[in-house]
Amino acid sequence: MVGNSMRSSDWICPGCKNMMFSQNMLCRNCGHRKPTLNTMGEACWAYYPLASERMKCEGERHCPECHGIIHRSHSECLGCRQRRVDAQQAPDATAAAAAAVGYKLPAIPGGGPRTPPA
């Protein structure tokens with residue numbers, strides 16, 4: 001189950017027991033959510049078999065949303081912040097791509113037309 005290439009932040013899926021890389025928020029095999037402090041509490045540590053073997057910095061903590069490591073110099077999880085930024089930029093990228101090919105997106109109810117700026 002645990003291979004030579006597994007890192008301390010990789011996790012074992014609670015549903016199907018397959019090894020997942022740390023960046024996967026869902027199991028790629030069965031779709032089970034990544035075990036985190038918010039979803040499972042302290043029981044989540046059972047699904048990170050190498051977590052105790054990594055070197056730790058003083059004052060670091062784990063993100064309750066994605067189980068990423070938050071260094072004491074940061075106020076928020078950098079991984080979660082980047083996912084929020086990517087999610088906010090996705091609608092803008094869709095509108096820009098539609099405008100590039102001359103497609104007008106349908107109107108949003110109560111929000112006016114979704115045409116990108118020219």
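N24 counts as buried, at 12% relative accessibility. Buried here means under 20% relative accessible area, exposed means over 50%, and partly exposed is in between, with a 1.4 Å probe and protein chains only. N24 sits in the loop between β2 (19-20) and α1. Setting aside residues up to four places away in sequence, N24 touches W11 and K34. Contact means heavy atoms within 4.5 Å.

Some ground rules. This is a predicted model: local features need pLDDT of at least 70, side-chain atom pairs count only at pLDDT 80 or more, and totals for chains, interfaces and linings use all residues. Residues are numbered from 1 along each chain as its sequence is written, and side-chain values use heavy atoms, with hydrogens and water left out.

Now the overall layout. The protein chain has 2 helices and 4 strands. Along the sequence, the pattern reads β-β-α-β-β-α. Helices (H or I, at least four residues) and strands (E, at least two) are DSSP runs, numbered from the N terminus. The protein chain has 118 residues, and 24% of them are buried. Take the contacts between residues at least 6 apart in sequence: 26% of those join residues at least 24 apart.

Next, a backbone point. K17 is in the loop between β1 (11-12) and β2. K17 is not a glycine, yet its phi is positive, about 65°. For background, most residues other than glycine have a negative phi. K17 counts as partly exposed, at 42% relative accessibility.

On to helix α1, where we find L37. L37 is partly exposed too, at 25% relative accessibility. Which residues does L37 contact, leaving aside its neighbours within four places in sequence? They are E42, C44, W45, H62, P64 and H67. L37 and E65 are 28 residues apart along the chain, and their C-alpha atoms are separated by 7.1 Å.

Now E60. E60 lies in the loop between α1 (37-40) and β3 (61-62). Is E60 buried or exposed? E60 is buried, because its relative accessible area is 17%. Not counting residues up to four places away in sequence, E60 touches R54, I69, I70, H71 and R72.

S73 is in the loop between β4 and α2. At 57% relative accessibility, S73 counts as exposed. S73 and G59 are 14 residues apart in sequence, and 8.8 Å apart in space, C-alpha to C-alpha.

Let's turn to the cysteines. A disulfide is a covalent bond between the sulfur atoms of two cysteines. The rule used here takes a pair of cysteine sulfur atoms within 2.5 Å. How many disulfides does the rule count? The count comes to 0. C63 is in no disulfide; the nearest cysteine sulfur, that of C80, is 3.6 Å away. C63 is buried, with a relative accessible area of 5%.

Last, the largest pocket. Its volume is about 300 Å³. A pocket is defined on a 1 Å grid over the protein atoms alone, as an open set of points where a 1.4 Å probe fits, with protein on both sides within 12 Å along at least five of seven lines. Lining residues have an atom within 4 Å of a point. Grid points are joined across faces, edges and corners, and a volume is the space filled by probe spheres set on the points.

The lining of the largest pocket has 24 residues; S9, C66, H67, G68 and I69 lie nearest the centre. β4 (69-70) and α2 (78-100) each supply at least two lining residues. The largest share, 3 residues, comes from α2. By class, the lining has 9 nonpolar, 10 polar and 5 charged residues. Ala, Val, Leu, Ile, Met, Phe, Trp, Tyr, Cys and Pro count as nonpolar, Asp, Glu, Lys and Arg as charged, and the others, Gly among them, as polar.
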